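My notes follow in the order of looking.

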Amino acid sequence: MTRPMVVRDASLPAAVTIYEVGPRDGLQNESAIVPLDVKLEFVARLVVAGLPVVEATSFVHPRWVPQLADAAELVARLPLDGPVPLPVLVPNERGLDRALEAGVRHIAIFASATETFAQKNLNSSLDGQLEMFEPVVERARAAGLDVRAYVSMCFGDPWEGAVPVDQVVATGRRLLDLGVSQLSIGDTIGVGTAAHVQRLVGAFAEAGTGVDRLAMHFHDTYGQALANAHAALQVGVTTFDASAGGLGGCPYAESATGNLATEDLVWMLDGLGIAHGVDLDALVRTSVWMAGVLGKEPASAVVRALA
Ligand code: HMG
Ligand code: MG
């Protein structure tokens, strides 16, 4: 069988947007530097496979993430005016300057819901990161860019343990107040479970932030990513971050492993009869090719089954 049987659950959304993060979150954790031409082909193949958004790279400090030190060269050769948005991560004004110079149209800032990870990932405090982001969002919007915001460590933090739901909502609300269009709720170390996901989405709703402003960003460290995505569908979430082949992890988060694999998400959505626009076969071929380049087995169960 190369496709699941379709059994539509009318209580779930009819269509979702998959926000592909493979070239950024997927590759940032790889220690062997991937050649620029391979990265370009990766992005191009993901676009051809029908992914509606492909996060391409990061304008962070090259010493912090050496794999993405070629961000400007990469972006210079990407079709930035094409129909598929190709956002990049930007942590600060220096990153924004570089992104603007490169002609980027979509950026994502990335915040932490915890004090410790703000220090580890951004060399900043929880409050300090918001001060750092404020001029970034203001200037980016004035230049006509779309700005998304990630919130990391929303379900648990390797240094601080459990993270209170209210703390996540408060951080998310401060980012929305800066003027970002969408919040991506990150389970950076993959410790969240289904009811926790629904409680967090509910807490955002109680605070006035509906599911139309939220995306879910699951890592699969504890094998919960797909179950958590299903739980999020049940409460109406329609944007999901995923990484081709299940690549990924954050070099500054202890125990973070791969993202929810795009193929695993697509298989589940296909079975549920939820539209997503992605060509699963083209995507699997892309992940098999990338696994060959990286010299490792794809983490995605669906890729392994179909390949
Ligand atoms: P810092 O060392 O505090 O930087 O790092 P600084 O502001 O003190 O500046 C020091 C030097 O760096 C200066 O140069 C700056 O110009 C330069 P000098 O004057 O010494 O020659 N600099 C830069 N150069 C290039 N690009 C820049 C930049 N900024 C400063 N953007 C900084 C602060 C934020 C830069 C650093 O902490 C950093 O780059 N962090 C990025 C870490 C990262 O990329 N983590 C992975 C992404 S987050 C993630 O994966 C989670 C997510 O997937 C969601 C989830 O799963 O939860 C999004
Ligand atoms: Mg991530």
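Before counting, I noted that helices (H or I, at least four residues) and strands (E, at least two) are DSSP runs, numbered from the N terminus. On that basis I found 12 helices and nine strands in the protein chain. The model is a predicted one.

**Overall build.** I checked the radius of gyration, which is 18 Å for the protein chain. This agrees with a compact globule, because one of 307 residues would come out near 19 Å. Along the principal axes, the C-alpha atoms fill a box of roughly 50 × 45 × 35 Å. I then looked at cover: 55% of the 307 residues count as buried. Among contacts with a separation of 6 or more, 76% are between residues 24 or more positions apart.

**Strand β8.** I went to residues 214–218 next and found five of five buried. L214, M216 and F218 point one way from the strand, while A215 and H217 point the other way. Which strand pairs with β8 in the parallel sense? I found β7 (residues 182–187), with five bridges between the two. In one place I looked up the partners by residue: L183 has L214 of β8 as its bridge partner.

**Surface patch.** M1, M5 and V7 make a nonpolar surface patch of about 410 Å². I located M5 in the segment before β1 (17–20). Is M5 buried or exposed? I put M5 down as exposed, because its relative accessibility is 63% and the cut-off for exposed is over 50%.

Technical notes. Residues numbered from 1 in each chain as written. Chains lettered and ligands numbered in written order. Predicted model: local features only at pLDDT ≥ 70, side-chain atom pairs only at ≥ 80, totals over all residues. Heavy atoms only, no water. Patch = residues over 30% accessible without salt bridge, like charges linked within 9 Å, V, L, I, M, F, W, Y side chains within 5 Å. Areas by Shrake-Rupley, 256 points an atom, 1.4 Å probe, with all protein chains shown as cover. Salt bridge = Lys/Arg side-chain N within 4 Å of Asp/Glu carboxyl O. Buried < 20%, exposed > 50% of the residue type's maximum accessible area, 1.4 Å probe, protein only. Rg over C-alpha atoms; globule rule 2.2 N^0.38 Å. Contact = heavy atoms within 4.5 Å. Pairing = 2+ DSSP bridges.
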